[in-house]
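The following exercises concern the structure shown below. Each task is followed by a solution in steps.

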Amino acid sequence: MATDTLTDVFEEHRPVLMGVAYRMLGRVADAEDVVQESWLRWSAADRAHVREPRAYLVRVTTRLAVDRLRHVQSRRESYVGPWLPEPLVTDYGPTVPDTAEQAVLADSVSIAVLVVLESLSPLERAVFVLREAFGFPFSEIALTLDRGEPAVRQLAARARKHVDEGRPRYAVDPDERKDLTARFLAAATSGDLDGLMSLLAPDVRLVGDSGGKAKGPLRIIETADKVGRFLGGAARRGVPEGAELEARFLEINGAGSVLILVDGKPHSLFQLDVADEEITSVYIIRNPDKLVGLAS
């Protein structure tokens, strides 16, 4: 196979490979490393025996991602405070024209789902990603993971049950989320505690990821009273006096989010889960290592 054709085939399938690797690992840099290693394996492979390049590349990428996940899970055990996935800008635009397909992709990469996936074993996570996000048949997943098909079906059932128990139970209307996010931001930045409290569900949870590298809560905060009081005093926490604040609405991990910039540099990312016109979860990412990819 000519070098140009070799590269073209790989680039054609790169979005799927990156999608699998990111959903497996929750970190863009780790996913990019896995995809790069897949390219090295692809370029050195005996392609005379590769009948389906897409299946071959997904198989290689998944196995590499499983190996890396086993390694990074030990690092996350010593992570300071709650862990959230690295934000990923997901404006699929015309590349995913089918609304139903777009909804599946967005749901499988959502912050809430990726947090639940962290509690799965690497094999359960691989099966869930390949089956639920990309629709691979069980027979192909079994070949990818070198497991029997009955075992793969059992892994899929366990993973699906666990994710269904942990993910938000209500579909979120994008316009409702955007409206609540705007009102939330206005109340939080103005110090309007009453206005903020009126938006929060009684059992709301706040999950902050600072990694010990920025100011933020080191444990999950629960109940409207505690979350409201924390947010009421957090609007300018860690922001130098006189600094210029800017808020940008972005689609992050399939949902509308707010990126706060201080003097033009990413400072915090906020994303909300909502149900019945109330905020049920607040995710705040403040670890600068995870925000650097949003600088542009």
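**Exercise 1.** Determine how strand β5 is joined to strand β6.

*Solution.* Strands here are DSSP E runs of at least two residues, and helices are H or I runs of at least four, both numbered from the N terminus. Strand β5 covers residues 265–275 and strand β6 residues 278–285; the two run antiparallel and are joined by seven bridges. Within this pairing, F270 stands opposite I284 in β6.
The model is predicted: local features need pLDDT of at least 70, side-chain atom pairs count only at pLDDT 80 or more, and totals for chains, interfaces and linings use all residues. Residues are numbered from 1 along each chain as its sequence is written, and side-chain values use heavy atoms, with hydrogens and water left out.

**Exercise 2.** State the order of the strands in the sheet, and identify the edge strands.

*Solution.* Two strands pair if DSSP finds at least two bridges between them. The open sheet has six strands, ordered β2-β1-β6-β5-β4-β3, with mixed pairing. Its edge strands, each pairing on one side only, are β2 (221–222) and β3 (245–252).

**Exercise 3.** Describe the aromatic pair formed by W42 and Y56.

*Solution.* Rings of Phe, Tyr and Trp (its six-membered ring) pair if their centres lie within 6.5 Å; planes under 30 degrees apart count as stacked, over 60 as edge-to-face and the rest as tilted. The structure holds three such pairs. The W42 and Y56 pair is tilted, with 5.9 Å centre to centre and 50 degrees between the planes. Because W42 belongs to helix α2 (residues 28–44) and Y56 to helix α3 (residues 53–76), the pair ties together parts 14 residues apart in sequence.
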